[in-house]
Amino acid sequence: MAGANNKRKCFTCDRENNTYTCEGCSKRFCVIHIPEHHQRLNEELHHIVDDYNEFKERINEQKQYSQSYTVIEQIDQWGKVSIEKIKQKAKDSREMIIGSLQTCINDIETKFNDLNKQIQQLQIQNDFNEINLNYLRNQLRKITEELNNPLNISIQEDPQSFISDIAIISSKKPKLHKWKENGITVAGGNGRGQQLNQLNDAEGIYIDENKNIFIADYENHRIIEWKYNGKEGQIIAGGNDKGNRMDQLNEPTNITVDQQNHSIIIAEQGNRRVIQWLNQKQQILIDNTDCFGLAMDKNGFLYVSDWKTHEVRQWKMGEYNNEAIVVAGGNGEGDELSQLNYPTFIFVDEDQSVYVSDTFNHRVMKWRKDAKEGTVVAGGNDQGRNLNQLSEPQGVIVDDLGQIYVADYGNHRVMRWCEEKDEGEIIVGENGEGNQSNQLNLPTGLCFDHEGNLYVVDWGNDRIQNYNLRTNNIFHRMGMPGPAPIPLLGEMFNVVRRGMYKNDMALIKKYGKIVGIYEGTIPIILVTDLDILRNVLIKDSHVFINRRTPEGGVGPFEHGLTTLKDEQWKNARSIVSPTFSTAKLKAMHSLMNDVSDMFNERLLEYADKQEIFDIKTINGQYTLDNIASCLFGIETNSLKNENIILINHLRKFFTFTLARIFLLIIFLTPRLGAYLGKKGYSFLPMDSMEYTTTIVNQVLARRRQRLEKRNDFIQIMIDHEEEIKDQEGQQSKLLKKTLSDKEILSQALVFLIAGYETTSVLMSFFFYIMATEPVIQEKIYQEIRQEIGDDEVTYEKLNQLQYLDMVINETLRMYPPFIRFDRVASKDYQLGNYLIPKGTIINVPVYPIHHDSEAWPEPEKFIPERFLPAEKAKRHPMAFLAFGDGPRQAQIFALEAKLGIVRALRLVEFERCERTEIPIQLGNVTILNSKNGIFLRVVRRSQ
C-alpha cells in the first residue's frame with residue numbers, strides 16, 4: 001500500500017519523521033499513524049461488504065417475489081375479464097415480464113458476484129487504497145441503482161381491438177437475433193472501375209440456386225455473373241460501352257431470370273426498355289418504358305416499375321405486345337395510398353401481392369392482387385433515421401415468414417419490418433456510413449440465397465456483401481427453439497454419434513415439444529405436442545398429405561406411396577388400400593400359415609438340440625418369407641436356407657453400410673441429391689433393385705398369362721386390371737385406374753421394407769420380453785389355450801386374444817420400430833404459435849412420445865395393463881403412434897406377427913440364457929433395433 005520515503009511531515013501528527021506514502025491518497029504517514037490509516041481503510045471496506053450483503057438479500061427477495069410485480073397483477077386482472085380467445089396474450093405477456101425481471105436480476109447478481117470476488121481478493125492480499133475503494137463504491141452505487149429500478153414497464157392498450165389489447169413497453173429492449181454483424185465481400189470491393197474484379201454503381205442483383213450472383217453493373221453498362229467464391233466476374237451481357245446496339249446495354253438497373261428457359265431479363269433505364277438475353281442474343285420485350293425494378297411471379301408474369309409514370313405494370317410472358325395491367329400506382333405522382341412517387345425496386349409474393357419501394361415517399365407499399373390502393377408496410381412517417389422511418393428506400397424482399405427487408409439507402413442500413421408493426425428493426429448497418437465490414441454506404445439491391453443468407457448491394461462501396469445465416473436460420477426468425485446447426489450435416493452428426501432416439505430425447509428435453517433442427521441443410525420441425533399432432537395428422541391431414549422424399553436416387557421407389565404426392569398419391573392409395581381389407585387378409589392367411597410351419601420347425605430344432613440362437617435372425621427369415629410370399633408371390637424359403645441369391649439381394653435393402661449412410665446424408669442435400677440422382681447414383685443397392693425388378697416383372701408376366709394364381713398383392717393388382725378392362729366405357733364407382741408395372745413394383749418394395757422392419761423388430765423384442773418376463777409369457781399361453789386350444793389358428797380367433805394385443809402394444813410402445821415419421825405442409829400453416837411456410841417438413845419423433853412420463857407413468861417399465869380399455873380412454877389418442885397414422889397398412893404386418901407368435905408359444909417356451917443381454921442395448925440407426933444379437937433358448941412344452 002505504501003512506500004518508504006525520506007524524513008517529511010506526517011499527515012496526521014504533522015511531525016517531521018520517516019514517513020511512508022500511501023499510493024491511493026498520495027499522503028505521507030509516520031510509522032505510528034500508517035497503521036491507523038490502514039485500519040480506517042479496512043473499516044470502510046467492511047462497510048462496503050455490509051452494503052453488498054444487504055443488497056444481496058434484496059436480490060433474493062426480488063427473485064422470490066418477482067411474480068407479485070404490480071404490472072403482472074394488472075395483466076392478471078386483464079386476463080380474467082378478457083374472452084378465452086386472448087388469454088394466451090396475457091400468459092405470454094406475463095412470462096415476458098417475469099423472464100425480463102429474472103434476466104435483469106440475474107445480471108445484477110452476476111455483477112454483485114464479480115464485485116464480491118474483487119473484495120475478497122483485496123482482503124486476501126491486504127493491499128488496497130482509496131483508488132480501489134472509490135472504484136468499489138462506484139460499482140456498488142451503479143448496481144444499487146440498477147436494482148432499485150430494474151425495469152421501467154407499463155401497459156399500452158390498443159383501443160382499436162374489439163377488446164382492449166395490451167403490449168409490454170419496457171425500457172430494456174430484448175436482444176433481437178441479427179445477421180452476423182460483419183459482412184463478407186463476395187463480389188467487387190476492389191475500388192470503382194471496369195475491371196472484372198470491380199463494379200461501378202451496381203444496382204440490382206439475382207442469386208441462383210448455386211449461389212452465383214448476377215449483377216446489374218449500372219455505370220459499366222453490363223451484367224456480371226460472379227461465380228460462387230469467385231475472385232472476379234464474367235460479362236454475360238453488354239460490356240461493349242454504352243449504347244443501344246444488340247451487343248450493348250445502357251444503365252441496367254435490375255435483373256431477373258426466367259426459370260422456364262433460363263434467360264436473363266434486364267431493365268435498361270438508359271435505353272428505356274426491358275430486354276431478354278439468351279445465348280448471347282438480345283430480344284426487346286418492352287419498349288418505351290422508364291423502367292427500374294423487375295420481378296417475376298410463379299405464374300410467369302413479369303412486373304416492371306416505371307419511375308416516371310409512378311406505377312408498376314404486369315405483363316404475361318410472351319404477350320408483350322398486349323397492353324399491360326397496372327397493379328400498383330398509376331394515379332399520378334403523390335403520397336396518397338393510391339399513388340406512388342418514384343417507384344424503384346419491387347417484389348412479388350406467392351399471392352401476387354406487389355411490394356414497392358416508394359422511394360421519394362420514404363415508404364414501402366404493398367398492393368394486393370386487384371387492389372385499388374396499397375397499404376404502407378414500412379416507413380411512411382417522413383424521411384428520417386428513427387425506427388419508424390426510412391430515407392429513400394431501395395431494394396425490398398420478403399422472406400418465407402412474411403417479414404419485409406428494406407435497403408434503407410439514405411440511412412446506410414437494412415431494416416426488417418413485420419406487416420402492421422409501427423417500427424422496424426435494424427439488422428445490418430447499425431454502425432453508420434463507412435466501408436468497414438460492419439458498415440454500409442448507400443445500399444440498393446437485396447436478395448436471399450436458397451439457404452436464407454442475405455446479400456446486399458453496397459452501392460457506395462462498389463461491392464456485394466453477404467451476411468451469413470448459419471446462426472440465424474429460419475427457426476431463429478420464427479422464434480422457435482432449437483440447436484445451432486452444424487455446417488452441412490446439421491443434426492445428422494449427432495444422430496450418427498448418439499443414435500436417433502437418444503438425440504430426439506435430448507432435443508425435446510432441452511428445447512421443448514416443438515423443436516427446429518436441420519438435417520443436412522434441410523430445416524425440420526420435431527413435434528411432440530399431442531394436440532398439435534392431432535391437428536396435423538387428423539383434423540388438417542389434407543394439408544399434410546405428402547411425405548418427405550429424397551431428391552433423386554430412389555430408383556423404383558419413385559412411384560411408391562411414400563414418394564407420390566397429392567392427387568397421384570390419392571389415386572394410388574385408392575387402388576392399393578383394398579389389399580388390406582379383412583377379406584383380402586383372410587385370403588393371405590393360408591400363405592402365412594405355410595411360412596409359420598417352417599418357423600415352428602426351426603424353433604423345435606433349437607429346442608431339441610438345446611441350442612442357444614439369435615432370435616433376430618430367425619425372425620428376419622420368417623418375415624422375409626412372409627412378405628415375399630404375400631406381396632411378390634415368391635417363395636424365398638429363407639428359413640430353409642434356399643434361394644440364397646434372391647435372399648441376399650432382398651437383405652441388401654435392410655443393410656446400411658457407412659457408404660450408404662454417407663450417400664443418404666448427401667441425398668438429404670437437395671441440390672446435390674438431385675444432381676447425383678440424374679447421374680444414376682442411389683443410396684439404395686442398384687444391383688438388388690435390378691434383380692428384384694426382373695423377378696417381379698417375370699411374376700407379373702406369368703400372372704397375366706394365367707400360368708399361376710395366388711392370394712397375394714400382385715394377384716390383387718392383376719385382378720383389378722381385369723375388372724377395369726371389363727368396365728371399359730363405364731365409370732368405375734370404386735377405383736379410377738390401374739397401376740402400371742413400375743407402380744406395382746414400387747408399392748411392393750415399399751411394403752417389403754416397411755413390413756420387414758416392423759414385423760421382425762416387433763417379434764424380436766416380443767420374444768425378448770417373453771424370456772425376461774416369464775409371468776407375462778405364461779399369462780399369454782393360458783389365454784391361447786383358453787381361446788384356441790389345439791384348434792387351427794384362424795384370423796377370427798387371433799382377434800379374440802385381448803391380453804396378447806395388450807402385450808404387443810406395450811412392446812411397440814417401449815420399442816417402436818420406426819423412430820420417426822414425417823409430413824410436409826402443402827401450404828402455409830399455423831403450427832401452434834408458429835406460422836410455418838409451405839413445404840415445411842414436420843417430423844414426429846415416436847420414441848420420445850412413447851416414453852413421455854406425462855402420458856406413460858414409469859415409461860421404462862413394461863406394463864401391458866396400460867392398454868386396458870379404461871386406461872386407453874384416459875390417454876390422449878396421439879400418445880400411441882406405433883404405426884404412425886397408417887394402421888390400415890400395418891394390419892398385414894400385425895397379422896403376420898401375431899400368427900407367428902401364437903403358433904410358436906403353443907409349441908415352445910422362451911427362456912433367457914447366459915448370452916441374453918439385460919438390459920438390452922439399442923442401436924443407433926433410424927430403425928429401432930437391438931445393438932447386438934438377442935440370444936435366447938427355447939424348450940418344448942409338455943402339451
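Which residue in strand 26 is the bridge partner of R416? The partner is E425. This is a predicted model.

**Strand 25 and its pairings**

- Strand 25 covers residues 413-417 and is mostly covered, with 5 of its 5 residues buried.
- Both of its faces are covered. R413, M415 and W417 lie on one side, and V414 and R416 lie on the other.
- Strand 24 pairs with strand 25 in the antiparallel sense, over 5 bridges.
- Within strand 25, R413 is the residue that stands opposite D408.
- The hairpin of strand 24 and strand 25 has 4 residues between the strands. In this hairpin, H412 takes a positive phi near 60°.
- Strand 25 also pairs with strand 26, which spans residues 425-428. This pairing is antiparallel too and runs over 3 bridges.

**D399**

- D399 sits in the loop between strand 23 (396-398) and strand 24 (404-408).
- D399 counts as buried because its relative accessibility is 7%, and the cut-off for buried is under 20%.
- A polar atom of the D399 side chain lies 2.8 Å from the backbone nitrogen of Q403.
- Leaving aside residues up to four places away in sequence, D399 touches Y405, F448 and R477.

**S357**

- S357 belongs to strand 20, which runs over residues 354-358.
- S357 has a relative accessible area of 0%, so it is buried.
- Beyond residues up to four places away in sequence, S357 touches a set of residues that includes Y342, P343, T344 and F345.
- Its contacts also include R363 and V364, as well as P393, Q394, G395 and V396.
- N341 is 16 residues from S357 in sequence. In space, the two are 9.3 Å apart, C-alpha to C-alpha.

**Y20 and a nonpolar surface patch**

- Y20, V31 and I32 make a nonpolar surface patch of about 290 Å².
- Y20 is found in strand 2, residues 16-22.
- With a relative accessible area of 30%, Y20 is partly exposed.

How values were computed:
Residues are numbered from 1 along each chain as its sequence is written. This is a predicted model: local features need pLDDT of at least 70, side-chain atom pairs count only at pLDDT 80 or more; totals for chains, interfaces and linings use all residues. Side-chain values use heavy atoms; hydrogens and water are left out. Helices (H or I, at least four residues) and strands (E, at least two) are DSSP runs, numbered from the N terminus. Buried means under 20% relative accessible area, exposed over 50%, partly exposed in between (1.4 Å probe, protein chains only). Contact means heavy atoms within 4.5 Å. A polar contact is a pair of N or O atoms within 3.5 Å; within protein, one must be able to donate a hydrogen and the other to accept it, and residues adjacent in sequence count only if both atoms are side-chain atoms. Patches are made of residues with over 30% relative accessible area and no salt bridge: like charges are joined within 9 Å, nonpolar side chains (Val, Leu, Ile, Met, Phe, Trp, Tyr) within 5 Å. Accessible areas come from the Shrake-Rupley method with a 1.4 Å probe; for residues, only the protein chains shown count as cover. A salt bridge is a side-chain nitrogen of Lys or Arg within 4 Å of a carboxyl oxygen of Asp or Glu. Two strands pair if DSSP finds at least two bridges between them.
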